[in-house]
Amino acid sequence: MAEVADPSTDVIVLDHVAKRFADFVAVQDACFGIERGSFFSMLGPSGCGKTTTLRMIAGFESPTSGKIFLDGEDVSRTPAYRRNVNTVFQQYALFPHMSVFDNVAFGPRSRKVPKRDITQQVGEMLEIVRMNDFATRRPAQLSGGQQQRVALARALVNKPSALLLDEPLAALDLKLRQAMQLELKRIQRDTGVTFVFVTHDQQEALTMSDHIAVMSDGWVEQIGTPAEIYHRPATPFVAGFIGEANLLPGTVERADAGLAAVAVSGGTLSVPSDGGIGIGSKVLVMIRPERVQVGRNPPPEGFDGVPVLVHEVIFRGATVHVGITGNDGSTMVAHLSDGHSLNGLARGDNAWAAWPRADSYLVPTGMTSENSLVKEGPE
């Protein structure tokens with residue numbers, strides 16, 4: 001997928017970049033820009049090409065074809081140490097024999113910055129990452145989250161054009177990882193430095209990012225804001241990978257007045273459409289589980305739905321997970337806010353799955369071999 005880049009606002013531009021390792025193509029025709037001062041995430045499953053793309057931006061790998069621009073300069077063949085970017089990896093690689101202050105001061109000292117300026121710059125950076133009170137400690141005396149903040153401060157103190165982060169939260173436990181998501185976004189906002197973040201975790205990307213590039217098999221499938229990626233996926237892969245989605249295979253029968261009539265197993269649905277999908281087109285009708293209601297009665301005015309059989313009801317704390325089966329044996333899920341919404345329905349009961357018509361979305365596809373109507377992204 002090509003995205004128009006603007007050199008006047010984009011700190012990083014990839015111009016038809018590809019990377020091959022012998023016969024294997026890791027990245028295919030990446031063409032997009034990353035806006036200065038933004039939090040940009042590359043999201044996808046293992047092996048999709050996101051880390052290879054990050055390594056090419058960093059200078060650890062050279063593109064097989066295409067060009068990479070940093071601050072308007074072609075750096076495609078510029079070595080990593082001459083690029084004004086810094087990288088934070090899963091392993092923070094702090095110097096164990098140095099204090100927090102000395103770890104952060106390492107870069108400015110290497111660049112022969114005057115001592116007075118070093119003290120000021122390091123102090124300001126430790127203030128931003130909230131580690132001033134730990135300046136004299138060594139890495140072994142810090143928690144994982146604190147070590148990460150020190151690694152961020154050390155990378156940011158040199159004022160790079162962009163900070164590259166390769167799954168830096170992967171080694172943290174769940175609660176600390178969630179807390180650090182908010183901290184990373186705050187630090188990025190406070191410093192104004194462009195963050196380029198690689199992750200396979202959808203929630204991380206949705207929580208922190210201004211824009212997300214979703215990748216699969218070396219291709220950039222879609223670039224957009226978190227809301228665009230979640231609510232308006234451009235491809236079946238994005239629809240299934242981001243969050244959890246009910247994907248109903250169907251055929252467009254007619255389209256008028258902003259609605260498309262789509263024939264699916266169990267009936268005909270009216271789905272909002274911009275008119276760009278022709279009659280006879282194979283599509284997927286996407287409905288997010290949190291928008292699905294399960295009840296005894298057919299859908300009311302303004303709703304669509306299909307007859308189903310309830311096959312599981314699972315309490316998950318804040319939500320109730322309801323598994324339902326269509327007439328053709330395919331499955332959907334609904335996430336209800338509480339068990340009262342089921343109105344006494346239990347496993348084995350016949351019911352209707354219904355959703356507000358405006359909350360369904362057409363995903364174009366040539367064809368689908370999916371037998372299941374639900375496709376889940378990874379946890």
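At what angle do helix H4 and helix H5 pack, and how far apart are their axes? In this predicted model, helix H4 spans residues 144-156 and helix H5 spans residues 174-191. The two pack at an angle of about 20 degrees, and their axes lie 11 Å apart. Angles under 35 degrees count as roughly parallel, and H4 and H5 are therefore described as roughly parallel to each other. Their crossing is right-handed.

The residues that make this contact can be named on both sides. Helix H4 contributes Gly-144, Gly-145, Gln-148, Arg-149, Leu-152 and Leu-156. Helix H5 contributes Leu-176, Met-180, Glu-183, Leu-184, Ile-187 and Thr-191.

Five strands form an open sheet, arranged in the order S15-S19-S16-S17-S18, and their pairing is antiparallel. Which strands stand at the edges of this sheet? They are strand S15 (293-295) and strand S18 (331-336). Each of these has a single partner strand, so one side of each is left without a neighbour in the sheet. On average, neighbouring strands of the sheet are turned by 45 degrees against each other, with direction ignored.

The pairing of the edge strand S18 can be followed in detail. Strand S17, residues 320-326, is joined to S18 by six bridges, and these two strands run antiparallel. Within this part of the sheet, Thr-325 stands opposite Thr-331 in S18.

Definitions and conventions:
Residues numbered from 1 in each chain as written. Predicted model: local features only at pLDDT ≥ 70, side-chain atom pairs only at ≥ 80, totals over all residues. Heavy atoms only, no water. Axes fitted to C-alpha atoms, helices over the stretch in contact; angles between N-to-C directions. Helix = DSSP H or I, 4+ residues; strand = E, 2+ residues; numbered from the N terminus. Parallel < 35°, antiparallel > 145°, perpendicular 65-115°, else oblique. Left-handed = near helix turned anticlockwise from the far one by under 90°. Contact = heavy atoms within 4.5 Å. Pairing = 2+ DSSP bridges.
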